[in-house]
Amino acid sequence: MNHIKKHLNLIIQSIKIQTMDKLEVALAFTFITLGIILQFTITIIFFKAIYLRSATIGGWDVNQVYILLGTYFIIQYISWSTYIRGFNKISRFIENGELDLYLSKPVNLKFFLSYRYIDPIFIIPQITVAIGLLFYGVSQTNADINILSYLFILACAFIIHFSLIVIISSINFFTIIRQVDHLHNTIFKLGQYPITIYKGFTRLVLSIIIPIAFIYSVPARAMVGDLSVKEILATIGITFIFYFISSLIWNLGLKRYESAHG
Amino acid sequence: MNLSKYTTVFKNSWQFNLEYRLDTLVRFLIALISLISVFYLWNDIFADKAEMLGYSKDQIVTYYIIVGYLFASIYAGLPTAQEIQDGSLSIYITKPISFILYSYWQSLAKKVFRLIIGLPIILFIFFIYSDNLYLVTDPKAYLILIITIFFAINILFLFDILIGFIEFWMMHSASIVMITDSIVAFFAGTLIPIVFLPNYIQQIANYLPFKYTGFFLIDAFLGRLGTEEIIFGIGIQIAWTLALMLIVKIVWIQGLKKYEAVGA
């Protein structure tokens, strides 16, 4: 109980610090918000341009792709406003020795990093446009909507996404990668498209080895009630497996770091 | 103008980039990963079509490879805003050196270095996937590409430094970069060739310089433009370069007055 209370207190403090910080740079906030809306608009224009030339992409119509994109942006924005920022800083923390400071604190480092740089302000416009797009796609489709199934699969998607971020960030314990944020951003961007466009080995990789399919395409299909029980079970299985693997690699990396920096 | 001091800047910047070559390679690896979706997406779109708006599937994939390579090489952000914000600009303005030319030669070294480092990767892709790509065999096309890349580098540099100068009047101007980066990349045609966009967006693109830093270069290289169109395009590139040079000069003078007035 004390453990939860301690973390809750730290989360509140992190939110307070980040809120104060952002309010001080209100103008920057305005420009970044505009930038996000612009990037979002450009993505929509891109897909609109594609659908002008093709009725479907990988068998998905434009409304299904809006649901997919809405899901993609929800995951991207929430993860960037919460856990990604902390994990992206690992290479810097290792280089400047700050990681030792965090390791000496009586908190779980993985959990601490996932909320240390939580951003409650920037997420507001971001999540609004993402949910807006999701519901626009939902309102335009003729399929039977299954929100409960979507929310459940989305929760699994977040765990898989978090696990992949942890795995990629753990590489830093072995060798420093400065552009790690660009690297995982580019990998996750492959999920902006329906998984069905990918064929053969690539599809296998994106379904099992880096299971982007389960992060974006599967939740979007869950929303339109297109998932079989087998696929739901597979999602749950993949979620557990990846969380387990990520914990294993993280602990291995930490051990290696601690033994090297004694 | 004493060119030797700027060639030294070029050499130093080159050396710096050489030391950080792994970062450059990761940059290209990232660009390569993006190509995976491009390849499969256009494969899907072209499933029942031989061509679209005059592009064959091979040309489209080649377009993305070259635009990805070019932009990963020649679109490199400048630290101008940071230098104004932290006052390190003062180091340059007290020296017998032009800050703008200094920045130009420094960024030129970075861009040329990236173009050279990325070239074997591009050649390797063409070697492996030659059946799915459009191989340009006309030597003139390569010459045109080099000329147009040179002007594209100049346009992007001038635009970049101009955006950096905003810091003279506004703190935290770096947040604007997120907007300008998206605009530049979009109108340069890195996301999709401009001709695929709705007409009104194509019209907007015609009035901006960015089309001439990506889309135009590759269309000319792929042999999709006639001689007159290429000469006209290069003329537009030169016109934009001159116009931006003038604007940069004016903004620099005004900005410097403001910078010196606050005693930085």
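I began with Thr80(B), which touches Phe99(B), Ile161(B), Gly164(B) and Phe165(B), where residues up to four places away in sequence are not counted and contact means heavy atoms within 4.5 Å. Thr80(B) has its place in helix α4 (residues 80-85) of chain B, helices being DSSP runs of H or I with at least four residues and strands runs of E with at least two, numbered from the N terminus. I noted Thr80(B) as buried because its relative accessibility is 1%; buried means under 20% relative accessible area, exposed over 50%, and partly exposed in between, with a 1.4 Å probe and protein chains only.

For the conditions, I noted that this is a predicted model in which local features need pLDDT of at least 70 and side-chain atom pairs count only at pLDDT 80 or more, while totals for chains, interfaces and linings use all residues. Residues are numbered from 1 along each chain as its sequence is written, chains are lettered from A and ligands numbered from 1 in the order in which they are written, and side-chain values use heavy atoms, without hydrogens and water.

Next I looked up the largest nonpolar core, which has 169 residues; such a core is a set of buried Ala, Val, Leu, Ile, Met, Phe, Trp, Tyr and Cys residues joined through side-chain atoms within 4.5 Å. Among the members that touch the most others are Phe87(A), Trp250(A), Tyr64(B) and Phe165(B). Helix α7 (residues 139-165) of chain B gives the largest share of this core, 16 residues. Around Tyr64(B) I found contacts that include Phe46(A), Trp42(B), Ile192(B) and Pro193(B).

I then turned to the interface, where 32 residues of chain A are in contact with 35 residues of chain B. About 3100 Å² is buried between chain A and chain B, with 77% given by carbon and sulfur atoms; this is the accessible area (1.4 Å probe) that two parts lose on being put together, summed over both. On the side of chain A, Phe31(A), Arg53(A) and Gln179(A) lose the most area to chain B, together 20% of what that side buries.

Last, I checked Leu53(B), which has a positive phi of about 50° although it is not a glycine.
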